[in-house]
Amino acid sequence: MTISVNVRQIVGPEDAARRNTQGLREGFLVEGLFSEGRINLTYSHLDRMIVCGVVPTSETLVIDHVKETGTSQFLERREAAILNIGGGGKVIVANAEYPLAFRDALYVGMGQGAMSFLSDDPNNPAEFYLLSSPAHRNCPTVLITLDMAKKVRMGSAEEANARTINQYVHPDVCESCQLLVGLTMFEAGSVWNTMPAHLHDRRMEVYLYFGMAEATRIFHFMGEPHETRHLVLKSHDAVLSPGWSIHSGAGTGRYSFIWAMAGDNMSFADMDKVPMESLR
């Protein structure tokens, strides 16, 4: 069996405030997504977001039926976005083959059938990071390279947060039902993301941190503004972020992260800013 599924229930703010470090990690941290020759999938009840890692080596890996969705096919009532953070590979959808190099993405519309994943070189396998949320209509399947992504430059070196937000699945780039997906990359010497913090109660979010040295760690800050907590993450760890929680982080070295959102709207700018003096 090449696929494993973990189901993650919703954790509320009162519960999170009472949890110790291990309890927070069990509720929000997603580890071990990427293992060679396997599909590791986490089904979150936060807006029914699915987070998945697929690492094909010598054999093709296929996502078709996943019992936890309650449908005959995975994409029957879902859309998906796939971003490759490893070696070169291919995704086959509806008999069409899409080559994905490092940091290329593929949006796959609802109802497109099975998805097959292959690596160009088993010794340097692709690492496909897949996000999926419920959908209500079919949107065209689109290959999106890093150059095609919409670029938003933010921050400054003086504030240690100079970064470029690459928006892949976004209304200005391709159609989707509710998924928004992007990749944030930092300039040398910058380590802070999304501070001052904000909330967006109308959407959940999930982060995947990667592109880090083995010893580099991310201090990811979460919780209600007056009850903040933190999680210590390594490369290729993902963290679930409910609408009631801030989502901010700082690294001990350079890193990148992939963010994905699902919820009521498609407005990237829909956020409730948190003044620094409100943080506790």
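Start by selecting Ser 119, which counts as buried in this predicted model: its relative accessibility is 13%, and the cut-off for buried is under 20%. You'll find Ser 119 in strand S10, which covers residues 115–119.

Now show what surrounds Ser 119. Leaving aside neighbours within four places in sequence, Ser 119 is in contact with Pro 56, Thr 57, Gly 88, Gly 89, Pro 125 and Ala 126. Zoom in on the Ser 119 side chain: a polar atom there lies 2.6 Å from the backbone oxygen of Pro 56. A polar atom of that side chain also lies 2.9 Å from the backbone nitrogen of Ala 126.

Next up, the rings. How many aromatic pairs are there by the ring-centre rule? The count comes to 11. Select Phe 34 and Tyr 129 for one of them: this pair is tilted, with 6.3 Å centre to centre and 45 degrees between the planes. Buried or exposed? Phe 34 is buried at 17% relative accessible area, and Tyr 129 is buried too, at 0%.

For a stacked pair, jump to Tyr 255 and Phe 257: their ring centres are 6.5 Å apart and their planes are at 25 degrees, so they count as stacked. Tyr 255 is buried, at 1% relative accessible area, and Phe 257 is buried at 2%.

Terms used:
Residues are numbered from 1 along each chain as its sequence is written. This is a predicted model: local features need pLDDT of at least 70, side-chain atom pairs count only at pLDDT 80 or more; totals for chains, interfaces and linings use all residues. Side-chain values use heavy atoms; hydrogens and water are left out. Rings of Phe, Tyr and Trp (its six-membered ring) pair if their centres lie within 6.5 Å; planes under 30 degrees apart count as stacked, over 60 as edge-to-face and the rest as tilted. Buried means under 20% relative accessible area, exposed over 50%, partly exposed in between (1.4 Å probe, protein chains only). Helices (H or I, at least four residues) and strands (E, at least two) are DSSP runs, numbered from the N terminus. A polar contact is a pair of N or O atoms within 3.5 Å; within protein, one must be able to donate a hydrogen and the other to accept it, and residues adjacent in sequence count only if both atoms are side-chain atoms. Contact means heavy atoms within 4.5 Å.
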